[in-house]
Amino acid sequence: MSFPTGHARSWQWVWLMLGVLAWGGCSSNGLPSDAASVEGTVTMQGAKVVDAVVVFRSDSGDAAVGKTNEEGKFQLSSASIPGGTRPGHYQVTIVKREPLTETASTEEDPNYNPNQRSAPSKPRGHLLPEKYSRPNTSELKADIVAGKNTIDFELTP
């Protein structure tokens, strides 16, 4: 068995230190070690909630957003930490609204305007209880810690 000497030993030391720094500075999911990944599932009366927007707002002003998929699962992402957020205490809102519908008016319509491309759409209704759409009424809260977090929400009518 031979031991590296001189130049080879120096390079091994450099690579070892770079590996330690890279391992210590990032978590296994690619986020900084002081960041948090957050995922979860939103259900209502046991049914998965699809296409809902989940918003986390911290007391210090941080915000992270996710959207539920076909399985009701979401993953948060923030502007400062793509794919994650900062640890802290958060208020949570969950919103799902009716899809946008724009109807073009016709010449038979008394409100027809040839310069208007489409009629204004009607206000979109809430498809989940409206109380979950506002921070002051949702009563949904979460404490996020550095690392991986799984937070599920069971909504009630």
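Which residue stands opposite V53 in β6? The residue is V95, and the pairing of these strands is described below.

## Basis of the report

This is a predicted model, in which local features need pLDDT of at least 70 and side-chain atom pairs count only at pLDDT 80 or more, while totals for chains, interfaces and linings use all residues. Residues are numbered from 1 along each chain as its sequence is written, and side-chain values use heavy atoms, with hydrogens and water left out.

## The open sheet

Four strands, in the order β4-β3-β6-β7, make up an open sheet with antiparallel pairing. Strands here are DSSP runs of type E with at least two residues, numbered from the N terminus, and two strands pair if DSSP finds at least two bridges between them. Strands β4 and β7 (140-144) are the edges, each pairing on one side only. From one strand to the next the twist averages 25 degrees; axes are lines fitted to C-alpha atoms, and angles run from 0 to 180 degrees between N-to-C directions. In general, the strands of a sheet pair through backbone hydrogen bonds, either parallel or antiparallel.

## Strand partners

Strands β3 and β4 run antiparallel and are joined by five bridges; F56 stands opposite A64 in β4. These two strands form a hairpin with four residues between them, and G61 in the turn has a positive phi of about 100 degrees.

Six bridges join β3 to β6, again in the antiparallel sense. Strand β6 (residues 88-95) also pairs with β7, antiparallel and over five bridges, and G88 faces I144 in β7.

## The aromatic cluster

The whole structure holds four aromatic pairs. Rings of Phe, Tyr and Trp (its six-membered ring) pair if their centres lie within 6.5 Å; planes under 30 degrees apart count as stacked, over 60 as edge-to-face and the rest as tilted. The ring centres of F56 and F74 are 6.4 Å apart with planes at 45 degrees, so this pair is tilted. Because F56 lies in strand β3 and F74 in strand β5 (residues 73-75), the pair ties together parts that are 18 residues apart in sequence. Both F56 and F74 are buried, a term that means under 20% relative accessible area, with exposed over 50% and partly exposed in between (1.4 Å probe, protein chains only).

F56 also pairs with F153: the ring centres are 6.2 Å apart and the planes stand at 70 degrees, so the pair is edge-to-face. F153 belongs to strand β9 (residues 153-155) and F56 to strand β3, so this contact ties together parts that are 97 residues apart in sequence. F153 is buried, as is F56. One aromatic cluster is formed by F56, F74, Y90 and F153.

## Salt bridges

A salt bridge is a side-chain nitrogen of Lys or Arg within 4 Å of a carboxyl oxygen of Asp or Glu, and the count by this rule is four. One of them joins E39 and K148, with the closest N and O atoms 3.9 Å apart. E39 lies in strand β1 (residues 36-44) and K148 in strand β8 (residues 147-150), so the pair ties together parts that are 109 residues apart in sequence. E39 is partly exposed at 33% relative accessibility, whereas K148 is exposed at 62%.

K67 and D51 meet in another salt bridge, at 4.0 Å from N to O. K67 is in strand β4 (residues 63-67) and D51 in the loop between β2 (47-48) and β3 (53-58), so this pair ties together parts 16 residues apart in sequence. The side chains of R134 and E130 also form a salt bridge, at 2.8 Å from N to O.
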